[in-house]
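This report concerns a single protein chain. Please consult the sequence and the structure shown here while reading it.

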Amino acid sequence: MPESRYVRKCYNYLLNTKTKLSVNWALEIKYVWVAQNVENDNSFIKKFTEYIRRRHLEAWQTSLNSSSKLSLYRSIKTAYGHEHYLNILNVRKYRHAYAQRRSGFHELEIEKGRYNNTPIADRLCKICNLDQVENELHFILIVLCSMT
């Protein structure tokens, strides 16, 4: 790539900038190029893509495991990738509602309590009066099933 290209200038700048706090994308590229003994451009693109994918999956897994919010999602979602239910649920509002429940964006007491620091044991269901924590499973198995 010619030195006059803006992307090349950014790359050179970042490569030569010494940062103590974080690694920038230019250093990531340099790492793959040098450490992986890349022979040519095509080989580099393949190895760099694999490296970025691996780093993304590691970050996703770390984020998932460190979240206090996603307990149901963690128990359901075991692998990174497209979910097949998205192909089955044709009605957008149902697909949206299902995705919200899985990802914790809802109005259940388990979620509301996170925002006002209510202990988990005190996030009780106000619908069934069984003195149980209102989480996603409780709502689906107890509340919704009792309505049908």
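The sections below describe the fold, the surface, the cysteines and the salt bridges of this predicted model.

## Overall architecture

The predicted model contains eight helices and zero strands. Read from the N terminus, the order of elements is α-α-α-α-α-α-α-α.

Of the protein's 148 residues, 24% are classed as buried. When contacts between residues at least 6 apart in sequence are considered, 24% of them connect residues at least 24 apart.

## Surface

The accessible surface of the protein amounts to about 11300 Å², and carbon and sulfur atoms account for 57% of this area.

A nonpolar surface patch of about 740 Å² is formed by I127, L130, L137, I140, L141, I142, L144 and M147. One of these residues, I127, is located in the loop between α7 (109-115) and α8 (136-147). I127 is partly exposed because its relative accessibility is 48%.

## Cysteines

A disulfide is a covalent bond between the sulfur atoms of two cysteines. For C125, the closest cysteine sulfur is that of C128, at 3.7 Å, which is too far for a bond. The cut-off for a disulfide is a sulfur pair within 2.5 Å. C125 itself is buried, its relative accessible area being 6%.

## Salt bridges

The whole structure holds three salt bridges. In one of them E109 pairs with K112, with 3.7 Å between the closest N and O atoms. These two residues of helix α7 are three positions apart, so about one helical turn separates E109 from K112. E109 is buried at 12% relative accessibility, whereas K112 is partly exposed at 37%.

E109 also meets K126 in a salt bridge, with an N to O distance of 3.2 Å. This pair links distant parts of the chain, since K126 belongs to the loop between α7 and α8 and E109 to helix α7, 17 residues apart. K126 is exposed, with 63% relative accessibility.

A further salt bridge joins R114 to E111, whose closest N and O atoms lie 3.3 Å apart. Both R114 and E111 are in helix α7, three residues apart, or about one turn of the helix. R114 is partly exposed, with a relative accessible area of 30%, while E111 is buried at 5%. Through shared partners, salt bridges connect E109, K112 and K126 into one network.

Note on methods. Residues numbered from 1 in each chain as written. Predicted model: local features only at pLDDT ≥ 70, side-chain atom pairs only at ≥ 80, totals over all residues. Heavy atoms only, no water. Helix = DSSP H or I, 4+ residues; strand = E, 2+ residues; numbered from the N terminus. Buried < 20%, exposed > 50% of the residue type's maximum accessible area, 1.4 Å probe, protein only. Contact = heavy atoms within 4.5 Å. Areas by Shrake-Rupley, 256 points an atom, 1.4 Å probe, with all protein chains shown as cover. Patch = residues over 30% accessible without salt bridge, like charges linked within 9 Å, V, L, I, M, F, W, Y side chains within 5 Å. Salt bridge = Lys/Arg side-chain N within 4 Å of Asp/Glu carboxyl O.
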